[in-house]
Amino acid sequence: MKKIRNFTRIITAAFLLALIAGPAMAQDDGGGTLTVRLPTDVRNLDPAHWFSEYDKQVALPLYDGLIRYIPGTYDTELVLARTLEVSDDGTRIDFTLHEGVQCHDGYGELTASDVKYSFERFLDPANPSPYVDDWRPLQSVEVTGRYEGTIVLENAFAPLFSSTLPLMSGAVVCEEAVEDIGIEAFAMNPVGTGPYMFGNWNPNRDVTLVRNPDYFGEQPYFDEIRFVIIADEQSAELALRAGEVDFAQLQLSALALLERDPGIETNVYPGLSYRWIGMNVEHPKLQDVRVREAIRLAIDVPSILIVAYEGLAEQSFALIAEGLPGYWEDAGRFDQDLDAARSLIEEAGADGLQLRIDIADTPEYRAWSQVAQQNLRQIGVELTINTMDTGSFWEIGSGSEGKNVELFVMSFAMEPDPAWATMWFTCDQVGGWNWMRWCSEEFDELHTRGLETVDEDERAEIYIRMQELMEEDAVAIWIIHGATPYGNRPHIVPAHMPHGSPLFAHFEGR
Amino acid sequence: MLSFVIQKLASTVIVAILVITFLSLLVHFVPGDPATIILGPRATPELVARVTTAMDLDKSPAMQTLSFFGRLLRGDLGTDVFTNRPIATIVGQVLPHTVILALASLLLAALVGIPLGVLSAVRPGSWADRILSLVSVTMVTIPPYVSGLLLLMLFSGTLRWLPTFGLGNPGNPLDYLQHMLLPTIALALTWIGYLARLVRGNLLEVLSQDHIRAARAQGVSQRTLLYKYALRNALVPTVAILGVALGGLMAGAVFVEIIFSRPGLGTLITESIQGRNYPVVRAATLAAALLFVIANFLADIANAALDPRIQLGRKGAA
């Protein structure tokens with residue numbers, strides 16, 4: 001009996017040892033597998049129907065476009081297109097494809113008719129795409145040869161070369177594959193021509209992309225990319241420190257600790273999104289521009305940055321982020337000036353003003369509004385913070401109900417083109433997404449011109465003027481363009497867009 | 001016994017129907033237009049309308065409830081508007097992981113908690129009893145997300161003995177167990193403490209009853225008294241509580257699954273709430289609620305089998 005007990009103990013000990021010894025922490029030194037943390041699972045990898053930033057990050061290596069961004073810059077280079085010529089009026093774009101480009105999974109050679117199919121499907125009313133605006137002026141794609149075609153637009157469309165063709169909306173799918181697989185199943189069975197092919201997807205666990213051995217261009221460094229779903233931020237930090245993931249998006253609060261770890265490299269990217277405190281110019285309390293100017297002078301944005309972002313985010317001074325056409329270097333720096341703010345309130349006869357700020361319930365926005373509350377109290381303005389569930393918050397500015405909004409905190413995502421920033425502040429967006437309810441005919445006219453102006457310098461002037469108009473009317477207090485930290489193991493050389501979005505197909509090892 | 005089972009089954013079905021009705025109306029309690037929020041500002045009105053229809057949001061609450069029941073009877077929980085996959089498949093893929101985690105935690109809680117309770121009850125007031133009481137009360141007060149984080153930081157972050165996230169490879173039992181060890185412990189800790197306290201209290205109560213004292217007077221050994229007579233009686237309320245424990249473990253699994261990035265009902269519900277994906281929230285919550293109801297039903301049956309007085313509804317009079 002004693003022997004049996006001893007045997008049981010040995011087996012138990014061996015089992016426990018086996019259980020805790022050597023968990024799967026394999027790490028590849030060059031080539032092999034790149035393991036990347038994804039905060040949420042992917043939901044749709046179809047270029048016309050993707051949902052989240054993470055869908056986009058995972059899908060981009062699967063597809064090629066006619067052009068793409070060169071990592072670290074906003075310059076583009078040809079990919080599928082061997083030649084690309086734009087007519088003088090900007091409405092006809094002739095392209096010639098490389099010959100012999102193969103679709104994944106044996107779906108044959110890519111031709112100009114695949115390009116036609118890929119772009120025109122955005123306008124298909126039977127399968128409406130959320131990204132139809134990327135192709136709004138598209139009339140048709142004319143196929144003039146097996147490898148030649150022309151994109152025909154109703155009017156020149158500058159975002160075509162900045163946010164449509166080089167990104168997801170310009171990704172070329174293989175027509176036969178989409179038709180064979182079916183549009184719905186294609187969401188998670190994507191077929192492109194990119195440097196990586198779709199491997200497999202274990203819902204809520206991981207997604208794997210494998211290197212395309214038949215890729216017509218330069219082969220990527222890693223044999224496969226495995227995206228693992230880690231929702232919890234602290235778990236992601238631990239996984240990076242333990243070497244279980246090679247690359248991870250992090251949170252700012254993690255940086256202080258991770259920067260001391262020699263096994264991890266970190267970088268913070270400023271982003272393109274714009275986050276601001278908006279003021280409803282139609283509200284009786286805020287109709288007087290002097291009141292809005294006073295609020296702008298009272299709120300100390302650097303304090304917000306320290307409280308909400310531990311001082312790691314850069315302040316923004318206007319709508320459009322650095323690096324994009326229309327970035328306004330000379331935008332007004334409204335340093336806190338409480339005396340001037342008090343004088344403006346007095347001039348406007350707004351003594352004893354009581355205001356409300358509506359915010360979605362996040363720690364970030366709570367910090368913003370608490371700082372603003374303290375600052376405004378110093379000029380005699382009482383600010384009530386109305387914290388709301390995200391679902392409720394996104395409704396308050398819509399329709400005529402939006403007239404009741406006073407101050408609010410808002411954040412909009414962006415594509416790398418200034419038009420995607422200005423489009424929400426036109427007059428026809430009042431009651432939609434223009435919660436400031438600010439309407440300027442000149443702004444609207446410039447927005448339309450900006451879309452159709454291809455010359456970059458001329459375009460930059462247009463968008464700077466639009467931002468001047470917003471600044472003159474003191475409709476917003478710009479806070480940041482985002483601040484996204486990433487961490488990687490030292491054997492990885494990441495590749496990013498200038499605003500931080502990772503380009504996994506360009507990742508290398510050292 | 002049969003009539004008792006039928007009676008319990010009927011009440012279980014009624015509870016299930018109430019749960020389903022509530023869940024079918026869930027979306028109306030939530031502010032905002034889900035379709036607009038899901039699709040974001042760039043969505044066209046046509047797309048919003050399409051998603052609204054797909055999510056049944058264009059129907060009246062009564063019609064939504066009827067439609068939900070009708071589809072449920074056909075085993076159809078709808079199609080996910082994001083991935084175009086059947087929602088039943090989505091829930092079905094993660095459900096086993098949560099059930100396995102909850103059952104493993106329940107097993108661990110019973111295997112550790114009950115002996116600890118017995119150990120305390122055998123020598124009440126002793127140093128061992130006091131230390132075990134302190135330990136078990138501490139366990140009860142630590143929520144799973146706190147114990148989960150502490151375990152993760154210690155065993156995965158500092159010692160690096162165990163993996164930090166995920167499910168492991170289900171085809172490799174050892175790998176799967178490695179990934180399950182910390183979540184199971186994190187989830188079980190509260191119930192280990194609770195069961196230890198419960199068993200100790202019940203056992204002390206039973207040990208003080210007349211029939212035990214009579215048996216002791218007749219010379220029945222302490223060991224026989226404890227394990228043959230007292231423990232069986234003391235375990236009856238424990239079995240009843242296991243059904244509730246399973247529900248509690250399912251709730252705790254939400255946090256543990258997130259901390260350990262483990263696929264399961266918890267992570268599915270959380271992600272779906274964040275994405276305002278109400279049909280999936282509804283289906284996953286329904287699965288969790290039904291598991292809870294079924295666990296309680298099974299606990300009732302097991303309880304009645306252990307204590308025939310319960311079948312006769314005379315427990316209070318006994």
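Buried area is the accessible area (1.4 Å probe) that two parts lose on being put together, summed over both. This is a predicted model: local features need pLDDT of at least 70, side-chain atom pairs count only at pLDDT 80 or more, and totals for chains, interfaces and linings use all residues. Residues are numbered from 1 along each chain as its sequence is written, chains are lettered from A in the order in which they are written, and side-chain values use heavy atoms, without hydrogens or water.

**View 1. The interface of chain B and chain A.** The two chains bury about 4,300 Å² between them. Carbon and sulfur atoms make up 62% of that area. Chain B gives 48 residues to the contact and chain A gives 52 (contact: heavy atoms within 4.5 Å).

**View 2. The chain B side of the interface.** Seven residue pairs, both residues at pLDDT 80 or more, are in polar contact across the interface. A polar contact is a pair of N or O atoms within 3.5 Å; within protein, one must be able to donate a hydrogen and the other to accept it, and residues adjacent in sequence count only if both atoms are side-chain atoms. Elements giving two or more residues to the chain B side include α5 (87–122), α8 (173–207) and α10 (222–259) of chain B. Helices (H or I, at least four residues) and strands (E, at least two) are DSSP runs, numbered from the N terminus.

**View 3. The four-stranded sheet of chain A.** The strands form an open sheet in the order β4-β5-β7-β6 (chain A), with antiparallel pairing. Two strands pair if DSSP finds at least two bridges between them. β4 (81–86) and β6 (138–143) of chain A are at the edges; each has a single partner strand, so one side of each lacks a neighbour in the sheet. Five bridges join β6(A) to β7 (residues 148–153) of chain A. A:V141 stands opposite A:I151 in β7(A).

**View 4. The five-stranded sheet of chain A.** This open sheet has the order β15-β14-β16-β13-β17 (chain A), and its pairing is mixed. β15 (382–388) and β17 (476–480) of chain A are the edge strands, each pairing on one side only. Strands β13 (residues 274–279) and β16 (residues 407–412) of chain A run antiparallel, joined by six bridges. A:W276 stands opposite A:M410 in β16(A).
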